Amino acid sequence: MITTMQLTGKITRETLMPLEAYAKWRKVHKPEVIAHRKLRTVHLGEHVTVQFESELSMRYQIQEMLRIEKIFEEEGIQDEIDAYAPLVPDGTNWKATMMIEYPDIHERRRELARLIGIEDRMFVEVEGHGRVYAIADEDLDRETPEKTSAVHFLRFEFTPAMRAAIKAGAAVKLGCDHTNYPAHVTIPPETLASLAGDLAD
């Protein structure tokens, strides 16, 4: 029986913990996962948060869903894996959950209407290289003609030269050039060090 969270490079039913084992593991290790997720979170302006995902964050998400929903049948477990495993970066990219946050419901409705297409205007810029725009919401339609979704899934795909530059310590910006939300921020060094670990040589 698996009693700890093992990072194997691929999330399968066999590498997940049974509910009982996970409940024990969670009591001890939840603060570590929260710290890991916080480290990999970048705020862009006041209203956009980008959470860069990892195998650890997605394993935790799947285990949490199984725990909350009390799922222990094979089919249900596989459904959760199918939903979240695609967000694990696979060596050539960063994958992220983007959240657009406005506390006031009326303001949120108004801004989501003004921000249609924002997910396609998100970019990462590696020092000395051109911008890489996000590939957003693959296989999902998260936008209507009236408004964009408050949550999007992003993939930033890098060339070998960009990956090498990131690993060598190049500065990296996260930005958005949507007309109604122009913003950019330099990714902090400690966050960038964690993200560089997602990339293959």
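Is Q63 buried or exposed at 2% relative accessibility? In this predicted model, Q63 counts as buried, because its relative accessibility of 2% falls under the 20% limit. Q63 is placed in helix α2, which covers residues 55-69. When residues up to four places away in sequence are not counted, Q63 touches M5, L16, M17 and Y22.

A second residue of helix α2 is S57. S57 has a relative accessible area of 0% and is therefore buried. A polar atom of the S57 side chain lies 2.8 Å from the backbone nitrogen of S54. With neighbours within four places in sequence left aside, the contacts of S57 are H36 and R37.

L16 and M17, both touched by Q63, also belong to the lining of the second largest pocket. That lining consists of 12 residues, and those nearest the centre of the pocket are R13, L16, M17, P18 and I77. By residue class, the lining comprises 9 nonpolar and 3 charged residues, with no polar ones. The space in the second largest pocket amounts to about 190 Å³. Rolling a probe the size of a water molecule over the atoms is what shows where such empty space is left.

The strands considered here form an open sheet of 5 members, arranged in the order β1-β2-β3-β7-β6 with antiparallel pairing.

The remaining site is P188, located in the loop between β9 (181-186) and α6 (189-196). P188 has a relative accessibility of 31% and so counts as partly exposed, since this value lies between the limits of 20% and 50%. P188 and R40 are 148 residues apart along the chain, and their C-alpha atoms are separated by 9.6 Å.

Technical notes:
Residues numbered from 1 in each chain as written. Predicted model: local features only at pLDDT ≥ 70, side-chain atom pairs only at ≥ 80, totals over all residues. Heavy atoms only, no water. Pairing = 2+ DSSP bridges. Helix = DSSP H or I, 4+ residues; strand = E, 2+ residues; numbered from the N terminus. Buried < 20%, exposed > 50% of the residue type's maximum accessible area, 1.4 Å probe, protein only. Contact = heavy atoms within 4.5 Å. Polar contact = N/O pair within 3.5 Å; in protein donor to acceptor, adjacent residues only side chain to side chain. 1 Å grid on protein atoms, 1.4 Å probe; cavity = no way out; pocket = protein on both sides within 12 Å on 5 of 7 lines; lining within 4 Å. Points joined across faces, edges and corners; volume = space filled by probe spheres on them. Nonpolar A, V, L, I, M, F, W, Y, C, P; charged D, E, K, R; others polar.
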